[in-house]
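Work through the exercises below with the sequence and the 3D view at hand. Each task is followed by a solution in steps.

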Amino acid sequence: MDVDEALKLARPIGRTQILILAINSLITIDRTFLVLSTVFIAETSLHHCTLCTNCTLADVIPVQHDGAISQCEEFAENGNTTQPCSNGWTYDTELYGQSIVSDWDLVCDKDSLPGLSQSILLLGFGFGSAFTGMIADKYGR
């Protein structure tokens with residue numbers, strides 16, 4: 001039997017095929033929210049190095065060429081050189097609120113981790129889709 005004969009026997013799309021498609025779509029809608037959630041829960045808000053007591057922003061945080069304050073560096077003890085933030089970060093939570101970025105300090109040298117977690121999730125979906133059917137056929141019966 002070739003493909004054309006099999007398609008003639010399968011008949012055109014009917015109520016059963018539409019029902020199966022609708023049920024499968026409803027089952028997988030939660031995965032859509034899971035994949036898109038990273039966009040919202042991993043939003044990076046404005047931040048800068050935490051200031052020491054009795055320090056001002058101008059004393060501790062260098063200004064970049066575009067006039068914005070540096071988000072990942074502070075002046076070293078001598079005041080002439082810069083170093084990575086040593087006391088953590090202060091986040092502006094007014095616009096985005098708390099996120100995993102501000103809770104776990106996923107900024108500066110760790111700013112690639114939210115994207116990496118999204119990539120690992122999608123890689124897991126890919127491997128799961130590719131191998132779950134074969135594993136179920138071999139061991140599930």
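**Exercise 1. A charged pair**

The model is predicted. Find the distance between the closest N and O atoms of Asp30 and Arg31, and decide what kind of pair they form.

Solution. The closest N and O atoms of Asp30 and Arg31 are 3.4 Å apart. The cut-off for a salt bridge is 4 Å, so Asp30 and Arg31 form a salt bridge. Side chains of opposite charge can pair when their charged atoms come close. The count of salt bridges by this rule is one. Next, check the exposure of both partners. Asp30 has 45% relative accessibility and is partly exposed; Arg31, with a relative accessible area of 38%, is also partly exposed.

**Exercise 2. A threonine in helix 2**

Is Thr38 buried or exposed, and which residues beyond its neighbours within four places in sequence does Thr38 contact?

Solution. Thr38 sits in helix 2, residues 15–41. Its relative accessible area is 18%. Buried means under 20%, so Thr38 is buried. With neighbours within four places in sequence set aside, Thr38 is in contact with Pro114 and Gln118.

**Exercise 3. The whole chain**

Describe the order of helices and strands in the protein chain, and decide whether the chain is a compact globule or more spread out.

Solution. Begin with the elements: the protein chain has five helices and four strands. Along the sequence their pattern is α-α-β-α-β-β-β-α-α. The radius of gyration is 26 Å, well over the 14 Å given by the globule rule for 141 residues, so the chain is more spread out than a compact globule. The C-alpha trace spans about 80 × 30 × 30 Å along its principal axes. Of the 141 residues, 17% are buried. The chain exposes about 11100 Å², and carbon and sulfur atoms supply 62% of this area.

Note on methods
Residues are numbered from 1 along each chain as its sequence is written. This is a predicted model: local features need pLDDT of at least 70, side-chain atom pairs count only at pLDDT 80 or more; totals for chains, interfaces and linings use all residues. Side-chain values use heavy atoms; hydrogens and water are left out. A salt bridge is a side-chain nitrogen of Lys or Arg within 4 Å of a carboxyl oxygen of Asp or Glu. Buried means under 20% relative accessible area, exposed over 50%, partly exposed in between (1.4 Å probe, protein chains only). Helices (H or I, at least four residues) and strands (E, at least two) are DSSP runs, numbered from the N terminus. Contact means heavy atoms within 4.5 Å. The radius of gyration is taken over C-alpha atoms; the globule rule is 2.2 Å times the number of residues to the power 0.38. Accessible areas come from the Shrake-Rupley method with a 1.4 Å probe; for residues, only the protein chains shown count as cover.
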